[in-house]
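Visitor: I am new here and would like to be shown around. May I ask how you know each thing you tell me?

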Amino acid sequence: MAEETKNPDHDKMKTATPPEKTSSPTPASDMPTVPSSPEQQDETTPEATPALVTQMPVVEEKVKDEVEIQIDLLKDKDWFRRKDAAITLGEMADERAIGPLITALRDAEWNVREAAQDALAQIGPLAVEPLIKALREYQIKTFVIQVLGKIKDERVLDPLMAQLRNEEFKDVATKALIEVGLPAVERLMAVMNDKDKHVRKHVVTALGEIGVPEAVEPLIDATRDEDWTVRLQAIAALHLIGDERGKPAIKALMKDPDFAVQMRAERIIWDWKKKSRAVESEEERAGTA
């Protein structure tokens with residue numbers, strides 16, 4: 001029997017083929033993590049989102065609005081820019097400008113102070129309470145009183161009436177009450193018989209300048225005041241109002257014990273006669289035409 005021929009290739013195939021192994025599935029925890037796509041990242045859980053936001057804080061720079069810019073300009077070295085800023089703030093009428101404008105009443109340049117006063121008056125009622133508090137500051141008190149007089153608000157009356165008792169500020173307070181006008185009449189008439197003769201005199205002056213018919217009877221009473229300065233102002237006030245009811249009281253003061261009052265009454269009566277003759281002449285010319 002012939003020898004069996006060996007096939008070298010067949011032997012190689014036997015040795016190259018590894019034994020089959022049964023592989024078990026890899027646990028999920030051991031599997032490598034695949035980076036998520038942008039689409040998957042958008043689908044992150046709500047719990048993860050805040051952490052991402054807090055890691056990248058966004059700092060926004062505050063941009064000043066026009067009011068704040070103008071407030072800054074009130075401190076400019078150029079007085080013309082300060083004045084222009086005050087005018088602009090008055091037109092804007094923003095409450096934030098009240099404090100800086102009150103500060104501007106201390107400005108060394110009168111043009112700026114005047115513009116600040118006008119601006120505060122334009123802002124109006126919103127500025128009343130801060131202005132009343134500012135009356136405590138002696139340096140700007142006159143300016144504050146003047147501004148309060150330009151604001152037609154009943155809250156200004158008590159502070160202004162109180163200044164009638166202040167020797168230094170009574171004149172400017174009287175002018176401010178005159179500027180307030182009709183809203184001040186009732187309060188003024190309530191102190192016509194005040195024990196302070198200076199208060200009575202300034203009240204009479206204010207009522208004459210405001211010029212309401214309701215004040216005529218109280219002013220006639222004032223022509224009999226014990227103080228000659230009050231009587232003097234009373235006939236001047238009646239003359240300004242021009243009501244016929246006041247004429248007999250003025251004529252009576254031509255015999256006043258005080259010479260200054262007599263002279264004032266005479267001048268008023270002479271003025272009436274002059275005007276009366278002028279009217280008669282005008283009527284005569286009209287009749288002959």
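**A guided tour**

Guide: Please do! The protein chain has 17 helices and zero strands. Keep in mind that this is a predicted model.

Visitor: How do you know how confident the predictor is in the protein chain?
Guide: We look at pLDDT, a confidence score from 0 to 100. The average over the protein chain is 84, and 76% of the residues score at least 70. Residues 1-6 have a pLDDT below 50, and this stretch has zero contacts in the model beyond near neighbours in sequence. Residues 8-34 are also below 50, with one contact beyond near neighbours in sequence. Where pLDDT is low, the predicted coordinates should not be read in detail.

Visitor: What share of the residues of the protein chain count as buried?
Guide: Of its 289 residues, 36% count as buried. The protein chain exposes about 19400 Å², and carbon and sulfur atoms supply 54% of that area.

Visitor: Why is the pair of Arg165 and Asp194 called a salt bridge?
Guide: The cut-off is 4 Å, from a side-chain nitrogen of Lys or Arg to a carboxyl oxygen of Asp or Glu. The side chains of Arg165 and Asp194 meet at 2.5 Å, N to O, so the pair qualifies as a salt bridge. Arg165 sits in the loop between helix H10 (157-163) and helix H11 (170-180), while Asp194 sits in the loop between helix H12 (185-189) and helix H13 (197-210), so the pair ties together parts 29 residues apart in sequence. The structure holds 19 salt bridges.

Visitor: Is Asp194 buried or exposed?
Guide: Buried means under 20% relative accessible area. Asp194 has 12%, so Asp194 is buried.

Visitor: Why is Asp221 called partly exposed?
Guide: Asp221 has 47% relative accessibility, between the 20% and 50% cut-offs, so Asp221 counts as partly exposed. Its salt-bridge partner is Arg224, at 2.8 Å, N to O. Arg224 has 59% relative accessibility, so Arg224 counts as exposed. Elsewhere, salt bridges that share partners join Asp65, Asp94 and Arg96 into one network.

Visitor: Which residues of H11 are buried?
Guide: They are Lys170, Val172, Ala173, Thr174, Ala176, Leu177 and Val180. The buried residues of H11 pack against helix H9 (141-150), H10, H12 and H13. Just after H11 comes Gly181, with a positive phi of about 80°.

Visitor: How do you know that Arg82 makes a polar contact with Asp107?
Guide: A polar contact needs N or O atoms within 3.5 Å. The side chains of Arg82 and Asp107 come to 2.8 Å, so this pair is within the cut-off. The backbone oxygen of Lys77 also lies 3.2 Å from a polar atom of the side chain of Arg82. Arg82 belongs to helix H5 (residues 79-92), and its relative accessible area of 12% is under 20%, so Arg82 is buried. Not counting residues up to four places away in sequence, Arg82 touches several residues, including Leu73, Glu109 and Val112.

Visitor: Which residues touch the most other members of the largest nonpolar core?
Guide: Of its 71 residues, Leu101, Leu120, Leu131 and Leu188 do. Helix H15 (residues 228-241) gives the most to this core, with seven residues. Leaving aside neighbours within four places in sequence, Leu120 is in contact with Ile98, Leu101, Ile102, Leu105, Ala127, Leu131, Val147 and Ile151. In soluble globular proteins, nonpolar side chains tend to be buried together.

Visitor: What makes Glu154 exposed?
Guide: Glu154 has a relative accessible area of 60%, which is over 50%, so Glu154 is exposed. Glu154 lies in the loop between H9 and H10. Glu154 and Ala184 are 30 residues apart in sequence and 8.0 Å apart in space, C-alpha to C-alpha.

Terms used:
Residues are numbered from 1 along each chain as its sequence is written. Side-chain values use heavy atoms; hydrogens and water are left out. Helices (H or I, at least four residues) and strands (E, at least two) are DSSP runs, numbered from the N terminus. Buried means under 20% relative accessible area, exposed over 50%, partly exposed in between (1.4 Å probe, protein chains only). Accessible areas come from the Shrake-Rupley method with a 1.4 Å probe; for residues, only the protein chains shown count as cover. Contact means heavy atoms within 4.5 Å. A polar contact is a pair of N or O atoms within 3.5 Å; within protein, one must be able to donate a hydrogen and the other to accept it, and residues adjacent in sequence count only if both atoms are side-chain atoms. A nonpolar core is a set of buried Ala, Val, Leu, Ile, Met, Phe, Trp, Tyr and Cys residues joined through side-chain atoms within 4.5 Å.
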